[in-house]
Amino acid sequence: MLMRTDPMTAHTPAAASDKIRPAVQLDGVTKRFGDSMALHEAWLKIRPSEFMTLLGPSGCGKTTLLNLVAGFLEADNGEIFIDGDLVTETPAHMREIGIVFQNYALFPHMSVAKNVAYGLKTRGVEKREIARRVDEALALVKLSGFADRKPKQLSGGQQQRVALARALVIKPKVLLLDEPFSALDKNLRGSMQVELKQIQRELGVTTIFVTHDQGEALSMSDRIAVMSAGRIRQIAAPDDIYRRPADRFVASFVGDANILNGRLVEKRGDVAVVSVGDISAEVPAAPIAALSAGDALDVFVRPEHLAVTSRGVSGSLPGTVTTQVFQGGHVDLYIDAPGSARERILLRSPGIAALSSCPVGAEIGLTIGSDDIVAFPPREAA
Amino acid sequence: MNTRPFLGWFVSPAGLVAVGLIAAMLAVFQYSVRAYIPGTLEVGGFTSANFEAMLRPLYALAFWNTVLICFETAVFTLLLAYPLAYALTRTNSSALRSFILIVSVTPLFLGEVVRTYSWMIVLGNNGFLNTLLLKLGLVDRPLRMMFTSGGVIAALVHVTMPIMVIMLAAALSHIDRNYEKAAESLGAGPIRIFMTITLPLSMPGIVAGFSTAFAWTFSAFATPQLIGGGRVATVSTLIYQLGFSSFNFPFAASLSIIGLALSLAVIALLKKAASPLERMAGTT
């Protein structure tokens with residue numbers, strides 16, 4: 001576990017993160033549903049104003065974690081702190097959090113203004129002050145003329161803005177977003193992401209964002225906690241997650257990855273030298289600490305980190321182009337390289353040059369053009 | 001025709017029943033405008049005397065009484081059924097759920113007469129309730145519960161409960177739980193959540209349950225007849241008395257027609273009065 005969180009401390013000075021009081025802190029929080037372990041000893045510190053994403057496939061425990069922070073579920077073990085206060089036993093309505101639900105959950109019997117005012121009314125805010133803050137919140141989400149509409153009369157994107165305004169107007173200690181974009185169509189999703197990120201940064205509100213979409217996670221987050229099977233696998237900044245995944249699961253869940261057959265040559269402290277065919281490369285040593293020189297291992301290389309060269313050039317792997325897919329800005333080449341990889345290799349070539357230079361059937365050489373490669377022990381079953 | 005080849009066949013049994021029903025209703029209507037000839041089942045010529053007679057205080061009072069009993073029954077049923085329906089839809093314990101279902105739905109499976117007799121045993125002067133109260137020393141002589149409209153209402157509430165519970169539970173189970181979670185996250189405690197979210201959103205179920213309870217009670221016969229013992233006059237007991245004791249078919253028929261019209265009118269009125277409430281719940 002400690003080993004896995006290493007990449008986080010590598011990029012966030014440990015001294016700084018210890019000095020600042022975390023906005024949200026989970027200390028070994030565990031939640032079981034009957035026999036199944038929904039969340040296993042989650043340790044997490046979220047800094048004030050941070051945009052933290054919980055990323056993972058469905059059933060990984062990310063929604064459970066969100067519900068525990070919100071107070072909708074009770075932890076079986078462990079403690080939860082919000083703003084330094086122990087809230088493990090605090091009921092949801094006293095935690096001062098704002099939530100945007102996947103389906104927005106706007107109260108259908110209330111107007112937009114009443115929806116936004118709800119959280120202020122429960123706090124006994126004075127009437128004129130409520131009106132002022134509701135106006136302000138609606139202006140923030142660019143829905144000023146919509147105060148008297150009913151939720152049903154709004155589009156999906158507008159409903160989401162209302163939900164956001166409703167959650168933000170109470171100045172929550174933490175903003176929780178439960179897959180808020182999944183109900184929007186693709187174009188709208190992109191612009192809402194930009195807008196949400198902008199509002200979040202402007203207000204500096206600490207945010208926990210739950211998603212299964214790695215693209216969303218990479219583009220919006222300050223840090224990402226990748227989860228699988230009830231465990232947090234890695235907590236790190238998006239580029240670290242992408243470039244230095246801590247384990248096999250993270251490497252294959254975030255972004256595309258080719259798995260090449262490699263061998264451990266030697267270890268030099270933090271790094272290890274591995275060989276793939278003629279190629280030798282350096283990878284982080286931590287994930288393969290258990291292996292010794294000469295052991296087989298799996299080398300993970302991103303499609304854009306592979307490059308095409310002529311067959312037979314030293315330091316290249318032989319392969320045959322089997323499919324070309326034109327993607328607009330880049331070309332995806334699928335390459336058979338039976339000696340180097342068990343599965344077809346995907347190579348992402350920028351521009352359109354590869355369309356003519358690498359026709360189907362071309363016999364080519366592959367090189368690795370990046371230091372951002374990682375290696376893991378081979379999968380047991382394989 | 002080709003797209004619905006069996007439609008005609010499927011609808012014909014219902015059509016036959018409908019024809020029979022309409023014919024019967026027309027016959028009742030026809031009787032209601034005929035003159036009564038005492039001592040015979042034959043009827044005389046056309047007249048409006050039957051309807052004029054209904055303005056007499058005795059009958060007007062029976063109508064008013066019936067509406068009042070129906071209204072009170074519906075109110076009490078609603079008050080008793082709502083917590084049950086709420087528990088039914090919200091509990092995680094399947095044992096409690098089954099228990100509530102059994103308790104609230106069994107009255108449906110007892111015949112009306114059986115149910116009414118059991119209430120007579122409970123409510124009678126030497127009945128269960130009075131014996132209990134006397135033994136406990138809470139009263140020194142039996143309370144009169146039989147032959148009162150209170151007793152009738154108690155028994156009618158029992159009859160109406162199942163429908164009300166089912167209709168309310170249906171409405172409550174359709175409320176997205178995220179509404180309540182959202183309200184909770186916005187700082188609302190359980191009571192505020194119930195008053196501002198759950199209750200307004202269950203309004204369509206309340207309106208539907210209330211109207212149904214009202215209509216059911218309006219046509220109830222055995223319960224007001226046996227427990228009211230002729231001292232609680234409702235429209236249906238009057239119809240029975242006039243039709244089958246006095247054999248005044250024309251007057252019984254006119255009572256039926258007015259009763260039907262009245263109950264339709266009241267339900268329409270209820271729906272109209274409830275429509276702002278339903279709009280509030282955002283269902284229309």
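This is a predicted model: local features need pLDDT of at least 70, side-chain atom pairs count only at pLDDT 80 or more; totals for chains, interfaces and linings use all residues.
Local features need pLDDT of at least 70 and side-chain atom pairs count only at pLDDT 80 or more, while totals for chains, interfaces and linings use all residues. Residues are numbered from 1 along each chain as its sequence is written, and chains are lettered from A and ligands numbered from 1 in the order in which they are written.

Chain B has 13 helices and two strands (DSSP runs of H or I, at least four residues, and of E, at least two, numbered from the N terminus). Its C-alpha atoms fill a box of roughly 75 × 75 × 35 Å along the principal axes. Of its 284 residues, 33% are buried (20 or more other C-beta atoms within 10 Å of the residue's own, placed from the backbone).

Helix α8(B) spans residues 177-185. Seven of its nine residues are buried, so the helix is largely enclosed by the rest of the structure. Among them are Y179(B), E180(B) and K181(B). The buried residues pack against α3, β6 and α4 of chain A, together with α9 of chain B (contact: C-beta atoms, placed from the backbone, within 7 Å). Just after α8(B), G187(B) takes a positive phi of about 100°.

Helices α5(B) (112-123) and α7(B) (149-173) pack at about 135°, with axes 10 Å apart (lines fitted to C-alpha atoms over the stretch in contact, with angles from 0 to 180 degrees between N-to-C directions). The contact involves R115(B), T116(B), W119(B) and L123(B) of α5(B). From α7(B) come G151(B), A154(B), A155(B), H158(B) and V159(B).

Conventions. Two residues are in contact if their C-beta atoms, placed from the backbone, lie within 7 Å. A residue is buried if 20 or more other C-beta atoms lie within 10 Å of its own, exposed if 12 or fewer, and partly exposed in between; C-beta atoms are placed from the backbone.
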